[in-house]
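Open the model in a viewer and keep the selection tool at hand. The stops below follow one another, each with something to select.

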Amino acid sequence: MKRILIENAVIVNEGRKVPGSVVIEGEKIAEILVNGQTVAMPCDETIDASGCYLLPGAIDEHVHFRDPGLSHKADITTESHAAAAGGVTSIMDMPNTNPQTTTLEALDEKLAFLAEKSSVNFSCYFGATNNNYPLFSQLNKSRVCGVKLFMGSSTGNMLVDRMASLRNIFGGTDLLIAAHCEDQGIIKENTDKYKKEYGDDVPLALHPIIRSEEACYRSSALAVQLARETNARLHIMHISTAKELSLFSKAPLAEKRITAEACVSHLIFTEEDYQTLGARIKCNPAIKTAEDRKALQEAVNSGLIDAIATDHAPHLLSEKEGGALKAMSGMPTIQFSLVSMLELVDKGAFSIEKVVEKMSHAPAQMYEIQNRGFIRKGYQADLVLVRPDSEWTVTTDCILSKCKWSPLEGHTFNWKVEKTFANGHLLYDNGTIDENYRGQELFFKR
């Protein structure tokens, strides 16, 4: 079995930064060498990681890879390449594809599709509708990462807006329920108000007013209430407002039944960026104020926010034209998610240990992923080498997402992803992807 020595790195893992080396043997981490320890037996290959940090691969529990049915925007192959280039070694794909992942047959087909095409490790959600909750008991809990619940506008019939259905969903599974929370009644009221004033072409600047703080808070509060009533395992995705943070706890992650996610876009952008980036940063829930962004960053540090993900959601640029009601919502972010968070380390918002906690350790813990998310002996060797003080600029030709654009085009980063290992395999190496490698399905300890 091939042995690879990654030496002279700074290992960031479980709240510590320590100089050391790691030995990969086959798919797994065989040795972690610190304090002058030497390898137990010779290695076949040595990688000098001097000047680099060695992190566990990021686990993005919130992506839209668009396959099947929407592959003109993106597909599993292209987006998994983008993930690998960004230091993301595992993803969990959302169900609002075509067909939607809301039947057992569609679920099996999606998992087979991911196995055939994904370069990184993968799982996917089962999508809740108003009436498919009787299927929850038939889901294989070791293979399905969770149930996705849209409590706001969504694709097709995936908006769950009946209180009886919501109660059945929350009471019908002990799987993690990942919720998109925006109150559709408030959004409709705001939309109608501004359509009277502007017609169908409502200015983009009103997007965070239409999808308001109150719309987010009202829906999130309802989800928390239902979770408490039923003792459900609830994870609220893409928190975008300071007000919502009052719904969450700073308790240790292992003690929580209700958790929260912040997305990269809400941690780096504010509503002022609509002036320069326009609909490129239009997403649901909307990017809001600088005060909201600051509160979210502080909540990452305090423990109110448990995980950082992307909500990676590519569209063609032609689909992003128009104002608040016409331009499609969502943006591609996965390739630049880790370096964006490391940039916030340089700005003093987070420590590098905190970034690793929220992007690697916490997703593995929340979803009970087997043997991933940490640099531990015997775990799968999902690893990423990142180099600080390595300046580069995002240009169109380096974007691997199929849509070939990014809201970060023209931005200069000082951190660079150099190498990404998935299951001990060198998947990404300084700009080169091994296009023949296929990641593994994630399994869950349930």
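Which residues of helix 2 are buried? Select helix 2, residues 104-117, and colour Ala-106, Leu-107, Lys-110, Leu-111, Leu-114 and Lys-117, which are the buried ones. Buried means under 20% relative accessible area, exposed over 50%, and partly exposed in between, with a 1.4 Å probe and protein chains only. Helices (H or I, at least four residues) and strands (E, at least two) are DSSP runs, numbered from the N terminus.

Before going further, note that this is a predicted model, in which local features need pLDDT of at least 70, side-chain atom pairs count only at pLDDT 80 or more, and totals for chains, interfaces and linings use all residues. Residues are numbered from 1 along each chain as its sequence is written, and side-chain values use heavy atoms, with hydrogens and water left out.

**Stop 1: helix 2**

Stay on helix 2 and look down its axis. The buried residues of helix 2 are Ala-106, Leu-107, Lys-110, Leu-111, Leu-114 and Lys-117. They cover an arc of only 145 degrees around the axis, so they sit on the same side of helix 2; the arc is that of the directions from the helix axis to the C-beta atoms. Now select Glu-105 and Glu-116: these exposed residues are on the face turned away from the buried side.

Next, show what the buried side packs against: helix 1, strand 7, strand 8 and strand 9 (126-127). Contact here means heavy atoms within 4.5 Å. For the length, pick the end C-alpha atoms of helix 2, which are 20 Å apart, in agreement with the 20 Å that its 14 residues should span at 1.5 Å a residue. The expected span is 1.5 Å times one less than the number of residues.

**Stop 2**

Two strands pair if DSSP finds at least two bridges between them.

Axes are lines fitted to C-alpha atoms, for helices over the stretch in contact, and angles run from 0 to 180 degrees between N-to-C directions.

Zoom in on strand 7 (residues 88-93): 6 of its 6 residues are buried, so the strand is largely enclosed by the rest of the structure. On one side, 4 bridges join strand 7 to strand 6 (residues 58-63). Pick Ile-59 and its bridge partner Ser-90, then Ala-58 opposite Val-88. Strand 7 also has 4 bridges to strand 8 (residues 121-124), where Asp-93 stands opposite Cys-124.

Trace the chain through the sheet. Strand 6, helix 1 (residues 76-85) and strand 7 make a right-handed β-α-β unit, and strand 7, helix 2 and strand 8 make another right-handed β-α-β unit. A crossover is right-handed if, with the strands pointing away from the viewer, the path from the first strand over the helix to the second runs clockwise.

**Stop 3: Thr-89**

Select Thr-89, found in strand 7. Its relative accessibility is 1%, so Thr-89 counts as buried. Leaving out residues up to four places away in sequence, Thr-89 touches Gly-57, Ala-58, Val-120, Asn-121, Asp-382, Leu-383, Thr-420 and Phe-421.

**Stop 4**

Move to the open sheet of 6 strands, in the order 9-10-11-12-13-14 with parallel pairing. Its edge strands are strand 9 and strand 14 (307-309). Within it, strand 12 and strand 13 pair over 3 bridges, with Leu-234 opposite Ile-258. Helix 11 (residues 352-366) lies across strand 12, strand 13 and strand 14, at about 110 degrees to strand 14.

Finish with helix 6 (residues 213-230), which has 18 residues. Its buried residues include Ala-215, Cys-216, Ser-219 and Ala-223. The buried residues fall within an arc of 165 degrees, so they line one face of helix 6. Among the elements they pack against are strand 10 (147-151), helix 3 (163-171) and strand 11 (177-181). Just after helix 6, select Asn-231, which takes a positive phi of about 60 degrees.
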